[in-house]
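Please open the structure in your viewer and keep the selection tool to hand.

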Amino acid sequence: MAWVTEWWKTTKTASSVWRLTRLYTVLLLLIVSVLLIVLYQLSIGQMSRQQSLQMDNEIVQQTELSKQLPHDEFIEQFKIQSENSRQYILSYQYQSQVIGRLNTFPQNISACPTRTRFPVWSNQYNELRLVSGCIQPLHEGRLIIAIDDEYLYVLKDQFISASLIALALALLFGVITGVIFSKQVLKRINSFNTTAALVESGQLSARVEVSKNNDEYDHMALHINTMLSQLEESFNTTAGITDAIAHDLRTPLSHLRQQIEAEFTENFKQNLPTESLQLMLEKLNEILFTFAAMLELTRIQQQKEKKSQHFKRVDLNTIIIDAVDLIEPLVEERQQIVRMENSMSLFVNGDASLLFRVLYNLLENASKYAGNNAEIIVRMIKNGFMVIDNGIGISDDEKDKVFQRLYRVEKSRQVTGFGLGLTLVKAVVQLHEGNVTLLDNDPGLIVKVEFFQTA
Amino acid sequence: MKFPKLIGMTLAFTSLSVLAGNDNALSALALKQANYSLEQAVEKVQNNYKGQIIEFELEDDNNQLSYEIEVIDVITKEKHKLELSLEDGSVLKEKSKSIGIKRLDDDELAALTDLQASDFNLNKIIALLKEQYKADILEFELENEKGITFYKFKLFSEQGTQQVLVDVKTGSMISVMKK
């Protein structure tokens, strides 16, 4: 039972396969039905038609005789015929007399050629027989002609029950082959979906399994795998270039910083002006910080394969409280409010310091871009949390781009930043098998972070 | 009027085979003499017992004929077998037993259901048959064959015995095929 409901659920979601199964089953039933109808018409239908034709002839014959012969002679010949006829049950009524095979004239019988089925007691078989017949008015009386066609009805019944069994078998066959077929197709499609999900979660090295059948699915799998290889390569190239720049420039810049620092200390000792040096130092620090962040990002993104080794069970609630505590002075400086909603324990397997960075980055972003007097809320949800602000928000066409390295929202160019915050957030969340989505708060932005597996 | 009975007894002693052949004639004779008619017996049974009469025949107990009538009550699941005197309609014997509905076969059950649903009047038909065929009714039985419920009567008249079937649903005769 369980696998049936399971199958029903999966086929319902993968509706194309389900539709195909249905169509296939219906077609199968249709073909079987047509075959059965043709078979019926060629056998029982043919017999039935032939029988009617013969009976019509007999009626015509009797009618002609009644017209041509004087009544007495007609009755004489009728008596002989009705006694001798093996095929037909013939009776004739005139005035109140009934002659022929039947002792009484049955009631409620339709006029020829429409036939009525009526019971007749047979002394020969000592049982009730169901016969088909009709009444034909003749010159001076009424003729009843009937035929014992019970065998035909028995045949019909047998044919109908056999047909029903055949249809049921066809339905069963259709459904079973449909199930097998859809299961096989679904299995292949599901492997595509699984790979796509892995790639979406950042595991760019994932590839679709290729079977030995060399069918359409394998062709598709090969194409997708090639595409993924190219994607991975270009991604690695982009990351590699930024890393190379960051890495190569970090050492000379560090030296530069040391020199400026030395200069600064020297000037400070001699009471010379230090403001310009101070400014230069700050700028340099920012650049070095960005480079450090970039390198760390790459480290996190490349770490995926061997992650989770150092993961521990951590409570998101504690991390959120810490992050909110830390951001509070900064927020208050901008006359903003930060608060927590729906506080509850939620455990995930992860790196506490990385998760803290996520929270802090999101809160910092919210504070930075939402403007003065904004309200920032961190709300715990079933399997994650949301950071909600009532600032200017992010337009729909920029929502995907903000996760790219070094991308900065057009409207926020004047605010200091390097466009690495959300990229880092996404990398860390993906490292924890989670997902980040941006939603509208009208006005403002909602950042929703969900983890697929909570501990 | 003991005379016909005496003939019968004489015949019985002389030839058993002749008696068997004349059984119906003797029964018919006894019915003609009876003070209490079949219609009266049927009415009495119908008044005293709920349910449907499924069978009637003449029972011969030590050369004493009586009406033997069987009634089935589907609701109380009881079957009554009664023997009524031809003289005064007094109940000579009564046998009742309860029957499970499951012990009735499908045909019997269908017959009873059909009869209950119809407005068939048994006494009216008995009177009609007697009148129409100028005959006595020796026995009748409720039957169901091929989905048709009917009473099968055995009549005895000057022409001998004959069978007449009456459809319970329509109240009309079912034709009998000769040969």
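Which residues are buried in helix 5 of chain B? Select B:Leu122, B:Ile126 and B:Leu129: these are the buried ones. Bear in mind that this is a predicted model.

Now look down the axis of helix 5 of chain B. The buried residues fall within an arc of 65°, so they line one face of the helix. An α-helix has 3.6 residues a turn, so residues three or four places apart point the same way.

Turn to the other side of helix 5 of chain B. Select B:Lys124, B:Glu131 and B:Gln132, which are exposed there.

Next, show what covers the buried residues of helix 5 of chain B. The cover includes helix 3 (38-48) and strand 1 (52-61) of chain B. Strand 5 (136-145), strand 6 (148-157) and strand 7 (160-167) of chain B are also among the covering elements.

Check the length of helix 5 (residues 122-133) of chain B. At 1.5 Å a residue, its 12 residues should span 16 Å, and the end C-alpha atoms are 16 Å apart, which agrees. Then step past the helix to B:Lys134, where phi is positive, near 50°.

Last stop: the contact between the chains. Chain B puts in 13 residues and chain A 16 residues. On the chain B side, strand 7 and strand 8 (173-177) each give two or more residues. Strand 8 of chain B gives the most, with five residues. By class, the chain B side has six nonpolar, three polar and four charged residues.

Select strand 3 (residues 116-122) of chain A with strand 8 of chain B. They run parallel, joined by three bridges. Finish on A:Val120, which stands opposite B:Ser175 in strand 8 of chain B.

How values were computed:
Residues numbered from 1 in each chain as written. Chains lettered and ligands numbered in written order. Predicted model: local features only at pLDDT ≥ 70, side-chain atom pairs only at ≥ 80, totals over all residues. Helix = DSSP H or I, 4+ residues; strand = E, 2+ residues; numbered from the N terminus. Expected span 1.5 Å × (residues − 1). Buried ≥ 20, exposed ≤ 12 C-beta atoms within 10 Å, placed from the backbone. Arc of directions from axis to C-beta. Contact = placed C-beta atoms within 7 Å. Nonpolar A, V, L, I, M, F, W, Y, C, P; charged D, E, K, R; others polar. Pairing = 2+ DSSP bridges.
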